[in-house]
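Please read the following report with the sequence and the 3D view side by side.

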Amino acid sequence: MDRPVRRPTAVGRLLELLHLRGPLTRAEATTSLGLARSVVGDAVADLEELRLIVVRQAAPTGTAGRGRPSPLLVPAPDGPVVVAAHVGVGTARLRVVRLGGEFVGELASLPVDRAAPAERTLTALAARAAELAREAGGPWAGLAVGTGGMVRHGVVRSALHLGWTTEPVPAEELLARQLPPGVSASVAHECSLAALAERRRGAGRGAGSVLVLTCEHTGIGGALLPDGPTAVGHALEAGHLVVDDRGPQCPCGQRGCLELFADGRALLREAGVTDTGDAALVQAVLGRAARGEPGPLAAARRVAERLGIGAASLVNVLDPDVVVLTGPLKALAVLAREQLESRLADSLVARVNDTRLTVGELSEPVLLGAADLAFDVFFRAPSNALGDTTRRTRTDAD
Ligand SMILES: [Zn+2]
């Protein structure tokens with residue numbers, strides 16, 4: 001499906017607010033949404049009727065002349081669930097998330113065979129998601145998947161880690177065919193989802209535009225989430241920013257790309273560790289650096305300095321309010337903040353705008369962002385998604 005473009009109605013906006021902030025009084029919700037009391041009153045009645053929220057009457061305070069206290073609006077404990085998935089190298093990780101943002105049950109996984117056709121992988125993913133949603137109970141609202149490669153409008157191109165390299169894969173459409181009616185399918189870039197989650201729930205909370213940078217053993221990814229109403233941001237090929245045009249050859253065709261100097265491979269090389277391609281080796285070097293071993297610590301600082309050079313150029317071009325480092329880059333930022341910040345300060349934009357450099361706060365940003373993406377689709381037409389086609393709520397019909 002295409003990215004939703006319509007703003008949610010009052011019903012959807014109230015539900016989104018309760019999903020992100022948790023239980024609120026009706027008065028607090030009215031203030032936060034900036035809507036008329038009568039509109040919020042109608043939305044509350046609709047959501048209660050759809051069994052998406054529970055309204056708890058507050059006990060009277062006993063203060064004469066104050067009227068009834070505002071009732072508490074709580075996401076329904078048996079409300080809808082979504083399945084969030086992150087398809088990585090060799091494995092897809094899945095979690096069920098309930099309305100209100102809580103994980104349900106344990107993390108599930110599914111092997112991903114690089115040699116298998118994309119359709120088979122996505123069919124298996126949809127089947128596993130259906131099992132998990134059934135076990136969790138509650139209406140299943142959607143499945144959202146984060147992955148690497150180049151992802152646009154649900155189509156994945158050039159996902160080397162999945163072996164999807166020859167033809168564009170219409171992943172969203174292929175998943176949608178496997179799902180029951182009313183269950184949405186969404187596919188987005190993993191970094192865009194991490195940026196969405198960090199801005200809504202983590203280190204970018206309250207910021208305008210957020211630039212997220214992350215890395216794996218191989219490669220550096222990024223995403224920019226612009227200021228404005230929440231949406232999935234733009235994934236960036238941040239790792240292929242050229243920092244030295246006389247540097248080593250990159251498989252992308254350029255020379256001296258940032259990721260050749262600042263990803264997990266670069267850290268292992270600087271630390272003198274034989275690289276077997278195992279991501280655990282990167283964590284081990286970061287651990288040794290954190291314990292103060294001079295060799296690994298010096299390696300981390302050299303890599304951080306290169307990363308800072310890249311981050312400064314990205315800030316010059318993109319002008320984010322905050323730069324959030326996640327994944328192994330988070331450990332790097334803790335170990336070598338001075339090197340990173342001094343290089344970032346080379347950026348005129350960072351100096352003038354006082355661009356904040358920080359680390360991710362969420363342990364599962366991609367899965368949380370995927371869950372929020374699936375719920376965003378649901379919030380745009382909650383009554384339709386619940387299979388109730390006979391009635392439309394007052395505000396849905398606006
Ligand atoms: Zn490159």
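Helix H6 lies across strands S4, S7 and S10, running at about 100 degrees to S10; here helices (H or I, at least four residues) and strands (E, at least two) are DSSP runs, numbered from the N terminus. Axes are lines fitted to C-alpha atoms, for helices over the stretch in contact, and angles run from 0 to 180 degrees between N-to-C directions. This is a predicted model, in which local features need pLDDT of at least 70 and side-chain atom pairs count only at pLDDT 80 or more, while totals for chains, interfaces and linings use all residues. Residues are numbered from 1 along each chain as its sequence is written, and side-chain values use heavy atoms, with hydrogens and water left out.

Arg 201 belongs to helix H6, which covers residues 190-201. With a relative accessible area of 17%, Arg 201 is buried, where buried means under 20% relative accessible area, exposed over 50%, and partly exposed in between (1.4 Å probe, protein chains only). If its neighbours within four places in sequence are left aside, Arg 201 is in contact with His 19, Leu 20, Gly 101, Glu 361, Leu 362 and Asp 372, contact meaning heavy atoms within 4.5 Å.

The sheet that H6 lies across is open and has 5 strands in the order S6-S5-S4-S7-S10, with mixed pairing; two strands pair if DSSP finds at least two bridges between them. Strand S6 (102-111) and strand S10 (184-189) stand at the edges with a single partner strand each, so one side of each is left without a neighbour in the sheet. On average, neighbouring strands of this sheet are turned by 20 degrees against each other, direction ignored. Within it, strand S4 (residues 81-87) and strand S5 (residues 91-98) run antiparallel and are joined by 7 bridges, and Val 82 stands opposite Val 97 in S5. Helix H5 (residues 171-178) also lies across strand S7 (140-147) and S10, running at about 155 degrees to S10.

Another open sheet is formed by 3 strands in the order S1-S3-S2, with antiparallel pairing. Its edge strands are S1 (24-25) and S2 (53-56), each of which pairs on one side only. Helix H3 (residues 37-49) lies across S2 and S3, running at about 120 degrees to S2.

The zinc ion has as its protein donors His 240 (ND1), Cys 250 (SG), Cys 252 (SG) and Cys 257 (SG), lying 2.0 to 2.3 Å from it. Donors are N, O and S atoms within 2.8 Å of the metal (3.2 Å for Na, K and Ca), and because water is not among the atoms, sites may look incomplete. The angles among the 4 donor atoms are 104 to 119 degrees, and the site is tetrahedral, a term that applies to four donors if all angles lie between 85 and 135 degrees. His 240 and Cys 252 both lie in the loop between strand S13 (234-236) and helix H7 (258-262), so the pair ties together parts that are 12 residues apart in sequence.

| Residue | Relative accessibility |
|---|---|
| His 240 | 23% |
| Cys 252 | 39% |
| Ser 158 | 39% |

Ser 158, in the loop between S9 and H5, has a positive phi of about 55 degrees although it is not a glycine.

Definitions and conventions
Four donors count as tetrahedral if all angles lie between 85 and 135 degrees; four count as square planar and six as octahedral if opposite donors are over 155 degrees apart and all others between 65 and 115; anything else is irregular.
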